[in-house]
Amino acid sequence: MGIVEVLNINYNKNVGESGGMWGIVCNFVAEFQILDVHMRFLGNYEARCDAKGRVFLPAVFRKVLQGSGEEKLVLRRDVFQSCLVLYPESVWNEQMDSLRARLNRWDNKQQQVYRQFVSEAELVQLDGNGRFLISRRCMKAVEMEADVRFVGMGDTIEIWSVKKADEVLMDEKTFGEELQRLLNEE
């Protein structure tokens, strides 16, 4: 299930008091709210693309997006696995800023990496029914058919072909051993 974490900080201060021989002329309170929103997409859900490539984003993920005020999404093929990654626009922008800061514009190979990463991205938007279009190019790139699985990955959502989704998971014993090894490396 999706989770939206919101941190509210209220700041109240009396400002604008004046006095003297007329007393208090003006007294009002200024209130500021600072919201720090963290999106957390969790779980996995199966869906089916229609003939045009439209698919419903699972309702739990739509609620997380709505709760964080996100409207636009970016879709891109994953760098390491044969799946698609759906980024909320703010998360995508953070990734782009981070990548650009690490790469030298005057290094040909680094510029090629950046170009390829950016050129494979597509801006997508949910329609009124909560659907979005997965382009034929994207579906072909990851050998995706009509049956798909959405996997919440914290601040992003992976979209897998149902046939391939289970192939990349570790068996339970290997997963437990690897998790233990990673957590004990401190």
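User: Is Y45 buried, partly exposed or exposed, and what is its relative accessible area?

Analyst: Happy to take you through it. Y45 is partly exposed, with a relative accessible area of 25%; buried means under 20%, exposed over 50% and partly exposed in between, using a 1.4 Å probe and protein chains only. A word on the basis: this is a predicted model, in which local features need pLDDT of at least 70 and side-chain atom pairs count only at pLDDT 80 or more, while totals for chains, interfaces and linings use all residues. Residues are numbered from 1 along each chain as its sequence is written, and side-chain values use heavy atoms, leaving out hydrogens and water.

Let's start with the rings. Five aromatic pairs are counted, where rings of Phe, Tyr and Trp (its six-membered ring) pair if their centres lie within 6.5 Å, with planes under 30 degrees apart called stacked, over 60 edge-to-face and the rest tilted. In one of these pairs, the ring centres of F41 and F61 are 5.5 Å apart and the planes stand at 90°, so the arrangement is edge-to-face. This pair connects distant parts of the chain, since F41 sits in the loop between β2 (28–40) and β3 (44–48) and F61 in helix α1 (residues 59–68), 20 residues apart. Here helices (H or I, at least four residues) and strands (E, at least two) are DSSP runs, numbered from the N terminus. F41 is buried, at 0% relative accessible area, and F61 is buried too, at 0%. Now for the ring you asked about: Y45 and F61 have their centres 5.3 Å apart and their planes at 85°, so they also meet edge-to-face. With Y45 in strand β3 and F61 in helix α1, the pair ties together parts that are 16 residues apart in sequence.

R100 lies over the face of Y114, 3.8 Å from the ring centre; a charge sits over a ring if NZ of Lys or CZ of Arg is within 6 Å of the centre and within 35 degrees of the ring normal.

On to the charged pairs. Side chains of opposite charge can pair when their charged atoms come close. There are 13 salt bridges, each a side-chain nitrogen of Lys or Arg within 4 Å of a carboxyl oxygen of Asp or Glu. R76 and E120 form one of them, at 3.1 Å from N to O. It links distant parts of the chain, with R76 in strand β5 (residues 72–77) and E120 in the loop between α3 (108–119) and β7 (122–125), 44 residues apart. Both R76 and E120 are buried. R54 bridges to D50, with 2.7 Å between the closest N and O atoms; R54 is partly exposed at 28%, and D50 is partly exposed at 28%. Within helix α6 (residues 172–183), E178 and R181 lie three residues apart, about one turn of the helix. Their closest N and O atoms are 2.4 Å apart in a salt bridge. E178 is partly exposed at 26%, as is R181 at 40%. Elsewhere, salt bridges that share partners bring E46, R149 and D166 into one network.

Finally, strand β10 (residues 157–161) has five of its five residues buried. I157, I159 and S161 point one way, while E158 and W160 point the other way. Strands pair if DSSP finds at least two bridges between them. β6 (residues 84–88) runs antiparallel to β10 and is joined to it by three bridges, and β9 (residues 147–152), also antiparallel to β10, is joined to it by five. E158 is the bridge partner of V85 and of V151. In the hairpin of β9 and β10, with four residues between the strands, G154 takes a positive phi near 85°.
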